[in-house]
Amino acid sequence: MLKLLPWRRQSSPLKCQAILVISRFLTQDAYDPPFSLLSEPKKTQPRNNDPKPKKAPTQRPLKSDLPFDFIYSYSEFNHSVEPIGFRESPKFSPFGPGRLDRKWTGTAAPARKVPDLDKLAKERSRVLGDPLTEDEVSQLVERYRHNDCSRQINLGKGGVTHNMLLDIHNHWKRAEAVRIKCLGVPTLDMDNVCFHLEGKSGGKIIYRHINVLLLYRGRNYDHKNRPVIPIMLWKPYAPIYPKLVKNVAEGLTFEETKELRNQGLNSHPLMILTRNGVYVNVVDRVREAFETEEVVRLDCTHVGTSDCKKIGVKLRDLVPCVPILFKDEQIILWRGKSDSNKTSEN
């Protein structure tokens, strides 16, 4: 039986590979790209040589018609004391390079033109319009005086700052009045805070209770025609001022000054001040204490060294008195020589 079956030879693998290659070559088309063709070739659009319209560039430097000098803090800056040095070069303006048409002097950007006071008074009276009636004032006070008022600005130890004017006008865009809550060193002189708020913003204080103020925008206020207020990009470094406390107080000898300092440190503190507190009654308390005592001590343990010196400077001008020592956040104030002692010495 085995002889009757035909003998089948096994083909070699090289021969099979050659047959497969030839068969594939014969079955393939003449053009077979590796990737699929696009349905339709994209038509190239003709180039337009006309340049695209550019946006109108913003005007630089920015021009502002406000009649006052631009300062970081209007209420805390003392024009009578000139600095003896600067911690940064005055050529670096906090408004940015080339953004303002006023030159920065290190402490302020003075106005270029002398303001016309009569014209400013007429414009302010036009914006304020007719004075509010008692019913209108009571309605505004009831709406904005509460603690949960959304139209509130917190005034801290910086006082009435330049950028705060922008915040006030932004609130005035949708509200008739702004609630301003004052804390810290500026509360020693609330009259000064009210003066600068009304003078720099153009509004009017319609309510004042301890450290809370309501600033009214006026009947004819138009947000679109508000004055141009350039933003201050960073807080400038405070300049270097002359020494506040002298080694020997004026009118005393070294031994007398040393004795008064020891007397003040060993005395009971008149008041204990807290950080970012309300110091509305401090000036009156110090004046009353000087009627019976020669030296007064204020405990400012939790206030901070910088705020402690600012409090001493304000009390020197408001009481008036002579700060003779700042030590361990304690302020020692001397009432100075009375008029009777000065006349007897003369």
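Tutor: Let's begin with a term: a nonpolar core is a set of buried Ala, Val, Leu, Ile, Met, Phe, Trp, Tyr and Cys residues joined through side-chain atoms within 4.5 Å. Keep in mind that this is a predicted model.

Student: Happy to start there! Which element gives the largest share of the largest nonpolar core?

Tutor: That core has 32 residues, and F70, I180 and L213 have the most contacts inside it. Elements giving it two or more residues include β1 (70-71), α4 (162-172) and β4 (177-182). The largest share, 5 residues, comes from α4.

Student: How many residues are in the other core, the one that lies apart from it?

Tutor: Among its members are Y279, L298, V303 and L315. This separate core has 21 residues.

Student: Is K314 buried or exposed?

Tutor: K314 sits in helix α8 (residues 305-318). Leaving out residues up to four places away in sequence, K314 touches S75, E76, V185, L188 and N192. Its relative accessibility is 14%, and buried means under 20%. K314 therefore counts as buried.

Student: Which element gives the most to the lining of the largest pocket?

Tutor: This pocket has a volume of about 1600 Å³, and 40 residues line it. Domain 1 (59-242) and domain 2 (243-334) each contribute at least three residues to the lining. With 9 residues, the element that gives the most is α8.

Student: And which element supplies the largest share of the lining of the second largest pocket?

Tutor: About 1200 Å³ of space lies in that pocket. Of its 33 lining residues, L66, P67, L120, E123 and P227 are the closest to its centre. The largest share of the lining, 8 residues, comes from α2.

Conventions: Residues numbered from 1 in each chain as written. Predicted model: local features only at pLDDT ≥ 70, side-chain atom pairs only at ≥ 80, totals over all residues. Heavy atoms only, no water. Buried < 20%, exposed > 50% of the residue type's maximum accessible area, 1.4 Å probe, protein only. Helix = DSSP H or I, 4+ residues; strand = E, 2+ residues; numbered from the N terminus. Contact = heavy atoms within 4.5 Å. 1 Å grid on protein atoms, 1.4 Å probe; cavity = no way out; pocket = protein on both sides within 12 Å on 5 of 7 lines; lining within 4 Å. Points joined across faces, edges and corners; volume = space filled by probe spheres on them. Domains from an automatic or database assignment.
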